[in-house]
Amino acid sequence: MRILAEEKHSKTDQLILTAPVSVGGIVMGKFLALLTIFLIPTAVVCTYPLIMKGFGSVPMGESYLAVLAFFLYGMTSIAIGLLISSLTESQVIAAVVSFLVLFLGYMMSSICNLISSTGNLLTKILGCFDLATPFNEMLNGTLNLQSVIYYITLTALALFLAVQAIQKRRYSVSVQTLSFGAY
């Protein structure tokens, strides 16, 4: 959670924002760095079905589909954390808010069932923020392209909003430093 929040707090973001790289490039670089760190243990987990296959029967398709679901869920969580980190200066606040947002996303299907079991407009709107249902569908062994597209779209949206948050802050800082005085 300190990927962008700590830079704002220590004012090192001004150095990055004046670099000859676009804000989108900065956000994508940070996201890809975090994704690479997340990909290393995921690649290690990919070897487990191969090892277990030597000791018995393992459904390889379902195993690797579960790993794909875990990777997509983690990728979306990283993007949401990056977005929230771009909105605040405190890494503690970014961590707490990210945890709350991801927890609400995980519990959204239960929250929607508490509101209405038959479904209404509010539950349909809140259902768009349900992170667990596409994950559970893929864990059941069915490759649902809607789930894959959902996670990729949510990741792209979070990264786009992070870029916009940094652009807004960059613009507001540059406007505050302008002065139209005689001296």
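The report below covers aromatic pairs, then the patch, then the serine. The model is a predicted one.

**Aromatic pairs**

A pair of aromatic rings is described by the distance of the centres and the angle of the planes. The structure holds 6 aromatic pairs. Two of them are set out in the table.

| Pair | Centre to centre | Angle between planes | Class |
|---|---|---|---|
| Phe-38 and Phe-71 | 6.0 Å | 15° | stacked |
| Phe-99 and Phe-103 | 6.0 Å | 15° | stacked |

For Phe-38 and Phe-71, the planes meet at 15°, and a pair counts as stacked when the planes are under 30 degrees apart; the pair is therefore stacked.

The setting of Phe-99 and Phe-103 is given by helix 6, which spans residues 91–115. Because Phe-99 and Phe-103 are 4 residues apart in this helix, about one helical turn separates them. Phe-99 has a relative accessible area of 56% and is therefore exposed. Phe-103, at 42%, is partly exposed.

Ring pairs also join Tyr-73, Phe-135, Tyr-150 and Tyr-151 into a cluster.

**Nonpolar patch**

On the surface, a nonpolar patch is formed by Val-44, Val-45, Tyr-48, Ile-51, Met-52 and Phe-55, which together have about 630 Å² of accessible area. Helix 3 (23–46) and helix 4 (48–53) are the elements that each give two or more residues to this patch. The largest share comes from helix 4, with 3 residues. Phe-55 sits in the loop between helix 4 and helix 5. With a relative accessible area of 76%, Phe-55 is exposed, because the cut-off for that class is over 50%.

**Ser-86**

Is Ser-86 buried or exposed? Its relative accessible area is 4%, and buried means under 20%, so Ser-86 is buried. Ser-86 is found in helix 5, which covers residues 60–87. A polar atom of the Ser-86 side chain lies 2.6 Å from the backbone oxygen of Leu-83. Apart from neighbours within four places in sequence, the residues in contact with Ser-86 are Leu-4, Lys-8, Ala-162, Ala-165 and Ile-166.

Key:
Residues are numbered from 1 along each chain as its sequence is written. This is a predicted model: local features need pLDDT of at least 70, side-chain atom pairs count only at pLDDT 80 or more; totals for chains, interfaces and linings use all residues. Side-chain values use heavy atoms; hydrogens and water are left out. Buried means under 20% relative accessible area, exposed over 50%, partly exposed in between (1.4 Å probe, protein chains only). A polar contact is a pair of N or O atoms within 3.5 Å; within protein, one must be able to donate a hydrogen and the other to accept it, and residues adjacent in sequence count only if both atoms are side-chain atoms. Contact means heavy atoms within 4.5 Å. Patches are made of residues with over 30% relative accessible area and no salt bridge: like charges are joined within 9 Å, nonpolar side chains (Val, Leu, Ile, Met, Phe, Trp, Tyr) within 5 Å. Accessible areas come from the Shrake-Rupley method with a 1.4 Å probe; for residues, only the protein chains shown count as cover. A salt bridge is a side-chain nitrogen of Lys or Arg within 4 Å of a carboxyl oxygen of Asp or Glu. Rings of Phe, Tyr and Trp (its six-membered ring) pair if their centres lie within 6.5 Å; planes under 30 degrees apart count as stacked, over 60 as edge-to-face and the rest as tilted.
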